Amino acid sequence: MTDTHHDAELNFADRMGYGDYLALDRVLDAQHPRSDAHDELLFIIQHQTSELWMKLAVHELESARDAILSGALPQAFKLLARVSRILEQLNGAWDVLRTMTPSDYTTFRDALGQSSGFQSWQYRAIEYLCGNRTAATLGPHRHRPATLARLEAILAAPSIYDAALTRLHAAGLLADPLRDWRTPHAPDDAITAAWATVYRDPQAHWPLYELAEKLVDLEDYFRRWRFNHVTTVERVIGLKRGTGGTAGVSYLRRMLEVELFPELWAVRTHL
Ligand code: HEM
């Protein structure tokens with residue numbers, strides 16, 4: 001029998017290997033179930049892997065925002081396409097968690113205390129980068145200065161949608177959208193009209209047209225994440241209150257109505 005591994009390096013005593021490069025000791029040592037329940041490891045890994053993908057989404061969204069602001073739209077398209085694929089990946093991951101029944105979850109739910117995804121600062125970073133800037137969601141991070149500063153820095157800069165509006169302005173389709181970035185975006189008919197100009201003649205405004213569709217893609221995948229989450233939550237805890245203190249499913253259903261890029265949805269009615 002031939003040895004198919006004969007070229008592989010087998011001695012890593014004095015050089016960097018796979019586990020060193022990826023800091024796998026730390027990553028794989030970061031799961032600490034608080035109960036003996038079989039499914040708690042699934043629950044922890046599901047959240048941790050989501051947070052890793054969210055870390056990448058924040059990284060890509062910040063670059064995409066900067067690329068849009070500087071007018072480098074083709075570069076932004078590539079980054080935005082990647083963020084949509086990341087969300088698709090997160091959407092697929094719910095199928096694993098859905099194998100956990102209410103009977104399984106109740107065996108360890110008490111061990112979570114008041115912890116909840118509501119306190120995910122990276123999820124808020126993604127929301128803020130997309131333009132959903134609700135100040136109340138900073139609350140759980142006030143006791144951690146470094147996290148708070150990171151979120152405040154995102155709020156101090158334009159969102160990805162604010163950046164897109166500066167492109168409409170640069171194209172002469174919209175008055176200067178200068179505004180207080182920290183406040184939530186207020187839907188505006190003038191912005192809908194500007195997007196309508198783009199959609200009525202894609203050839204004349206191709207980069208803006210492509211930007212608009214990339215943003216709609218992003219929101220489409222984001223909505224699917226929210227929908228998959230609330231469906232999983234209902235399947236697992238029914239109408240019980242959340243560990244984070246909200247009413248649970250009814251709160252999450254309200255979140256389904258959040259519109260990140262409202263004029264991009266409104267424009268469809270006008271075409
Ligand atoms: C059995 C699984 C899960 C249940 C029962 C559940 C339950 C809930 C509930 C009830 C809320 C509302 C806040 C509260 O009162 O706690 C919430 C929020 C949230 N959860 Fe989950 N969740 C689950 C899995 C996940 C996973 C895997 C993630 C991925 C990171 C996640 C991320 C979030 C986020 C980001 C929020 C905030 C949503 C918002 O404010 O719009 N959840 N979850």
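**Reading helix α10**

Mentor: Start with His229, which sits in helix α10. Keep in mind that this is a predicted model.

Trainee: Which protein donor does the iron atom of the ligand have?

Mentor: A single one, His229, through NE2 at 2.2 Å.

Trainee: How do I read the packing of two helices?

Mentor: Packed helices are described by the angle between their axes and the distance between the axes. Here, take helix α4 (residues 73-97) and helix α10 (residues 206-237): the angle is about 15° and the axes are 9 Å apart. Angles under 35 degrees count as roughly parallel, so α4 is roughly parallel to α10.

Trainee: Is the crossing of α4 and α10 left-handed or right-handed?

Mentor: Left-handed. The contact of α4 with α10 has 16 nonpolar, 5 polar and 6 charged residues.

Trainee: How many salt bridges does the structure hold?

Mentor: It holds 17. One of them joins the side chains of Glu60 and Arg82, at 3.0 Å from N to O. Glu60 lies in helix α3 (residues 40-69) and Arg82 in helix α4, so the pair ties together parts 22 residues apart in sequence. Glu60 is buried at 4% relative accessible area; Arg82 is partly exposed at 36%.

Trainee: Where do Lys214 and Glu210 lie?

Mentor: Both are in helix α10, 4 residues apart, about one turn of the helix. Lys214 is buried at 19%, while Glu210 is partly exposed at 27%.

Terms used:
Residues numbered from 1 in each chain as written. Predicted model: local features only at pLDDT ≥ 70, side-chain atom pairs only at ≥ 80, totals over all residues. Heavy atoms only, no water. Axes fitted to C-alpha atoms, helices over the stretch in contact; angles between N-to-C directions. Helix = DSSP H or I, 4+ residues; strand = E, 2+ residues; numbered from the N terminus. Parallel < 35°, antiparallel > 145°, perpendicular 65-115°, else oblique. Left-handed = near helix turned anticlockwise from the far one by under 90°. Nonpolar A, V, L, I, M, F, W, Y, C, P; charged D, E, K, R; others polar. Donors = N, O, S within 2.8 Å, 3.2 Å for Na, K, Ca; no water. Salt bridge = Lys/Arg side-chain N within 4 Å of Asp/Glu carboxyl O. Buried < 20%, exposed > 50% of the residue type's maximum accessible area, 1.4 Å probe, protein only.
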